[in-house]
Amino acid sequence: MVAVAMTARAAPVQEVDTTEDELVLPDTPWVTVVWDDPVNLMSYVTWVFQKLFGYSRDKAERLMLDVHHKGKAVVSAGLRERMESDAARLHAYGLWATVDRG
Amino acid sequence: MFVRSGGGCVAQFEQTEAVVIREVLGEIIELLSGRLDYRDPVINRFFPDMYVNDASLSAEMRRYTETDLRSVKVEQAQEVLDCLPPQGGRVFLTTEQSEIWLRALTDARLALGARLNITAETNIDEELDEAVMRDPTSPQVGNLSVYEYLTFLQESLVGVLMA
C-alpha cells in the first residue's frame, strides 16, 4: 500500500478500544482476506473498509495496517456465500480479496 | 486537487490534466468492452482470483461476477468522462459522484500500475528520475508522471470523503 504525506492528519488514537471491534472467529467457517498491493492508498483502503463493512475509523485503520504490515488480513467472517459476496464487493473497489476457510 | 465544497467537493483541472485522465479512463473502457484477455496484467488485476489455491473454482466465481464487475467499472469510468470536460475547468462533485470517481481513479492507477510493473519495492520518484535521464520523451516518463498525478488526486479525494 501507499501513503501520501499531503496533509496533517490527526495522530492515531492511543487508547485501546476493546469494545466492539475485535474480529472474533470462534467457529466461523469462512473468511474474506484482503491482500496488500503496491498501488492502493492506505487512506483509500481504510475508507473502503469503513464504507463496505461499517467499521469505525479506528477498526478500519487497524485492519488496513494489518494488511499493510502482515501482507494480508481477515476482514470479515461467516458463511461462504456471504464471504464470496464480500470479496466481490471488495473487487469492485479495486482491492485484492480472496475467500478461505476460517 | 479536490477540496470540500458545500455537500460535495470541487477541483480545478488544467487541460493537460483533463486530457490524461480522460485518456486513461477511455482506454479502460475500451479494454473492458471487448473480450477479456486474462493474460493481460491489467485484466488480471481488475478481476483477481477469489480462491488463491483453486484456479478452477476461481474461474467459476469469475463467470458469476465478471459481467457485473465489468459493467460497474465501465460505468464509473464513464461517469468521470461525463463530468470532466476535455478542455479542463472546474468540476463539482456530489458525495455520490465523489465515490464513483474514487473507484474510477483506483482503476486508473491499478491499470497504470500493472503496465508500469509497480511492485512494493518501486520508488516512483526514483523511477521517474531514471526514466527522465534515459529518455525524457519516453512513454514510461508519461505513464509514471500520470500515475504520480493520479495518486495525489486520489489522495485528495479520499481526504475530502474522510473528513
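**Helix packing and the chain interface**

Q: How do α4(B) and α6(B) lie: roughly antiparallel or roughly parallel to each other?
A: In this predicted model, α4(B) and α6(B) are roughly antiparallel to each other.

Q: At what angle do helix α4 and helix α6 of chain B pack?
A: Helix α4 (residues 95-115) and helix α6 (residues 139-162) of chain B pack at an angle of about 150 degrees. Their axes are 10 Å apart. Angles over 145 degrees count as roughly antiparallel, so that description applies to α4(B) and α6(B). As for handedness, α4(B) passes α6(B) in a left-handed crossing.

Q: Which residues make that contact?
A: On α4(B), they include B:W101, B:L102, B:L105 and B:L112. On α6(B), B:V146, B:Y147, B:L150 and B:L157 are among them.

Q: And how many of the residues in that contact of α4(B) with α6(B) are nonpolar?
A: There are 12 nonpolar residues, together with seven polar and two charged ones.

Q: What about α1(B) against α6(B): at what angle do they pack?
A: Helix α1 (residues 15-33) of chain B packs against α6(B) at about 100 degrees, and the two axes are 11 Å apart. That angle makes α1(B) roughly perpendicular to α6(B).

Q: Which residues of α1(B) and α6(B) meet there?
A: B:E17, B:V20, B:I21 and B:V24 of α1(B) meet B:V146, B:Y149, B:L150 and B:L153 of α6(B). By class, this contact has seven nonpolar residues, one charged residue and no polar residues. Note that B:V146 and B:L150 are also listed in the contact of α6(B) with α4(B).

Q: Moving on to α3(B) and α4(B), at what angle do their axes cross?
A: The axes of helix α3 (residues 55-83) of chain B and α4(B) cross at roughly 110 degrees and come within 9 Å. The two helices are therefore roughly perpendicular to each other. Here α3(B) passes α4(B) in a left-handed crossing. The contact includes B:V72, B:Q76 and B:V80 of α3(B), and B:I100, B:W101 and B:A104 of α4(B). Its residues divide into seven nonpolar, two polar and four charged.

Q: What does B:R70 touch?
A: B:R70 lies in helix α3 of chain B. Not counting residues up to four places away in sequence, B:R70 touches B:L32, B:S33, B:G34, B:L36 and B:F47. The C-alpha atoms of B:R70 and B:F46 are separated by 8.7 Å, although these residues are 24 apart along the chain.

Q: Now the two chains: how many residues of chain B are in contact with chain A?
A: In chain B, 31 residues are in contact with 30 residues of chain A. The chains bury about 2600 Å² between them, and 65% of this is on carbon and sulfur atoms. B:M50, B:E155 and B:M162 supply 24% of the area that chain B buries against chain A, more than any other three residues.

Q: Why quote an area there?
A: The size of an interface is often given as the accessible area lost when the parts come together.

Q: How many salt bridges are found across the interface of chain B and chain A?
A: There are two across the interface, while the count over all chains comes to 12. One joins the side chains of A:K51 and B:E99, with 2.8 Å from N to O. B:E99 also takes part in the contact of α4(B) with α6(B). The side chains of B:R45 and A:D37 meet in a salt bridge at 3.6 Å, N to O. This pair runs from helix α2 (residues 41-46) of chain B to the loop between β1 (30-35) and α1 (42-53) of chain A.

Conventions. Residues numbered from 1 in each chain as written. Chains lettered and ligands numbered in written order. Predicted model: local features only at pLDDT ≥ 70, side-chain atom pairs only at ≥ 80, totals over all residues. Heavy atoms only, no water. Axes fitted to C-alpha atoms, helices over the stretch in contact; angles between N-to-C directions. Helix = DSSP H or I, 4+ residues; strand = E, 2+ residues; numbered from the N terminus. Parallel < 35°, antiparallel > 145°, perpendicular 65-115°, else oblique. Left-handed = near helix turned anticlockwise from the far one by under 90°. Contact = heavy atoms within 4.5 Å. Nonpolar A, V, L, I, M, F, W, Y, C, P; charged D, E, K, R; others polar. Buried area = accessible area lost by both parts, 1.4 Å probe. Salt bridge = Lys/Arg side-chain N within 4 Å of Asp/Glu carboxyl O.
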